[in-house]
Amino acid sequence: MKRIRLALLGALLITINVTADELTFLTHNLEGQVYTDQNGELRGIKHSGKRAFNIEVVRELMLIMKHPTEFLEVPFARGMQMVTNNNDLAMFNVSRTPDRENIVKWVGPIQKEEDYFYEMKSAPTGISKLEDARKVSSICVLNGAIHHKILSSYNFNNIHTNVSYVGCFGMLKKGRVDLTVSASSTVLSKLKEAEISPDQIQQTPVVLLVSEGYIAFSNNIPDETVAKWQEALDRLKDSGEYEKLYQLYFLPDD
């Protein structure tokens, strides 16, 4: 069997070979929150936010399930296409929305957060409710992700897509868009990666989404296998280890 190790973001076309009892885990948008350790394994950077926390949670689940601790990083839209159209894949972090409910199988939630609109302090939009965001020239969102789908469903015609939210914040800084969206817990790490001072950005009062993140499994995975991964997550939470990981990886350092 050929095991797939971490691929860089640009690796879009891949061939996946797995045994019947082994899954390939896909993830996305890891900018500035992970590193490769001395064993060649992908690990979260402490106190760097959601992506680091997700990697460490799923890694702990893999250890419980005696699964290889290997991940493949792909763009979000490509990953969703892969997990819904191919067998033996698992994709995280994915929002569980009605249009996705039956196209994959779910384990989670692995985390919960609030996502706000952000703007440049030097170019405030003055928005105070969601409808106000319809009037700005352009809003940058991650292509194919939940924010893109929400604004599209509300018939916003001022959406600009990017392959990463680091790219969106870069566009915001350059004045090419008026707003972007981010979970409040991860905005600092995105700004750091985009080389933008937090003093230049401000959070608007408008919440676009209160979300929960899940692991999405290909529909060919047996229900009993999915149930075992859910049980592993439940045990991780009940044991107190989940909270320790949250404190160590999700929350900023004091």
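Residue numbers start at 1 in each chain and follow the sequence as written, and side-chain values rest on heavy atoms, with hydrogens and water left out. Because the model is predicted, local features need pLDDT of at least 70 and side-chain atom pairs count only at pLDDT 80 or more, while totals for chains, interfaces and linings use all residues.

View 1. Helices (H or I, at least four residues) and strands (E, at least two) are DSSP runs, numbered from the N terminus. The C-alpha trace spans about 55 × 40 × 35 Å along its principal axes. A compact globule of 254 residues would have a radius of gyration near 18 Å, and the chain agrees, with 18 Å; this radius is taken over C-alpha atoms, and the globule rule is 2.2 Å times the number of residues to the power 0.38. Of the 254 residues, 51% count as buried (buried is under 20% relative accessible area, exposed over 50%, partly exposed in between, with a 1.4 Å probe and protein chains only).

**View 2. Helix 7 (residues 223-239) packs against helix 8 (residues 241-250).** The angle is about 75 degrees and the axes are 4 Å apart. Axes are lines fitted to C-alpha atoms, for helices over the stretch in contact, and angles run from 0 to 180 degrees between N-to-C directions. The two helices are therefore roughly perpendicular to each other (65 to 115 degrees; under 35 is roughly parallel, over 145 roughly antiparallel, and the rest oblique). Look for Leu233, Leu236, Lys237 and Ser239 in helix 7, which meet Glu241, Tyr242 and Leu245 in helix 8. Contact here means heavy atoms within 4.5 Å.

**View 3. Met171 sits in helix 5 (residues 165-173).** Met171 is buried, with a relative accessible area of 7%. Setting aside residues up to four places away in sequence, Met171 touches Cys140, His160, Asn162, Arg176 and Val177. His160 is 11 residues from Met171 along the chain, and their C-alpha atoms are separated by 9.9 Å.

**View 4. Gly32 is in the loop between strand 1 (24-27) and strand 2 (34-36).** Gly32 counts as partly exposed, at 40% relative accessibility. Apart from neighbours within four places in sequence, Gly32 is in contact with Ile45, Ser48 and Glu193. To place Gly32 in the chain, take Phe117: the two are 85 residues apart in sequence and 21 Å apart in space, C-alpha to C-alpha.
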